[in-house]
Amino acid sequence: MSRPLIISDCDEVLLHMVAHFKQWLEESQGVDFNLEGHDFAHALRWQESGELLEPADIWRMLGRFFDREMDRQTPIEGAVEGINALAEQADVVILTNLVDERREKRAEQLAALGIHARVFTNQGPKGPALKKIVEEFSPSRAVFIDDLAQHHASVAEIAPNVVRLHMCGEPMIAGSIDCAHKAGHAEARIDRWSDALPWLIDRIEGDAR
């Protein structure tokens, strides 16, 4: 008999990212980082000139961070305990928007913090990748957790039977990002693992949506 399936994002759901990215940029890269919502295009400015970084420079900084600085990332409060509690009752996989060559490094990063789960990498909207994962696992029910509203919209369109929880565990951005629940693309918005865990257990144990 198939088990339930949890498909979870990593950054800002399991691990802090933007707070560590900001610290690294400002300490060592000569870049100020002031993020409103998730608008990276207007968040990064050169400290010397005050000018915005070009998109190519932003991508280069992000790539450099994930190549060299992932060890900075710390778990969201309650995330390790929460995802491992879910793993006792469900299959758990990670769907993260990193380039494919960083898949193994992300899996190693999570394992070192106590999260042992298969990692799927993706670029762009997550709906198509999630649909393939669900087809592979054929779960009794599936739940998707992510911090970005656009991914919930993508999943809602392509895999509407998957239950969707919008969670952003990073206080720096949680109050300003678009809310998938308000947009009608997620069943709930819960930003703390202590509150999310009972909600998630109800969804994998019963018929609650």
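I take a salt bridge to be a side-chain nitrogen of Lys or Arg within 4 Å of a carboxyl oxygen of Asp or Glu. The model I looked at is predicted, so local features need pLDDT of at least 70 and side-chain atom pairs count only at pLDDT 80 or more, while totals for chains, interfaces and linings use all residues. Residues are numbered from 1 along each chain as its sequence is written, and side-chain values use heavy atoms, with hydrogens and water left out.

Entry on domains. I looked up the domain assignment (automatic or from a database), which gives domain 1 as 4-16 + 74-205 and domain 2 as 18-72. Their C-alpha centres lie 24 Å apart. Each domain brings 15 residues to the contact (heavy atoms within 4.5 Å).

Entry on area. I found about 1300 Å² buried between domain 1 and domain 2, with 62% of this area from carbon and sulfur atoms. Buried area is the accessible area (1.4 Å probe) that two parts lose on being put together, summed over both. In domain 1, Arg102, Lys105 and Met172 lose the most area to domain 2, together 39% of what that side buries.

Entry on the salt bridge. I counted one salt bridge between the two domains. Arg102 forms a salt bridge with Asp67, and their closest N and O atoms are 2.9 Å apart.

Entry on helices. I read helices (H or I, at least four residues) and strands (E, at least two) as DSSP runs, numbered from the N terminus. On the side of domain 1 that touches domain 2, H4 gives the most, with three residues. H4 covers residues 103-112.

Methods:
A crossover is right-handed if, with the strands pointing away from the viewer, the path from the first strand over the helix to the second runs clockwise.
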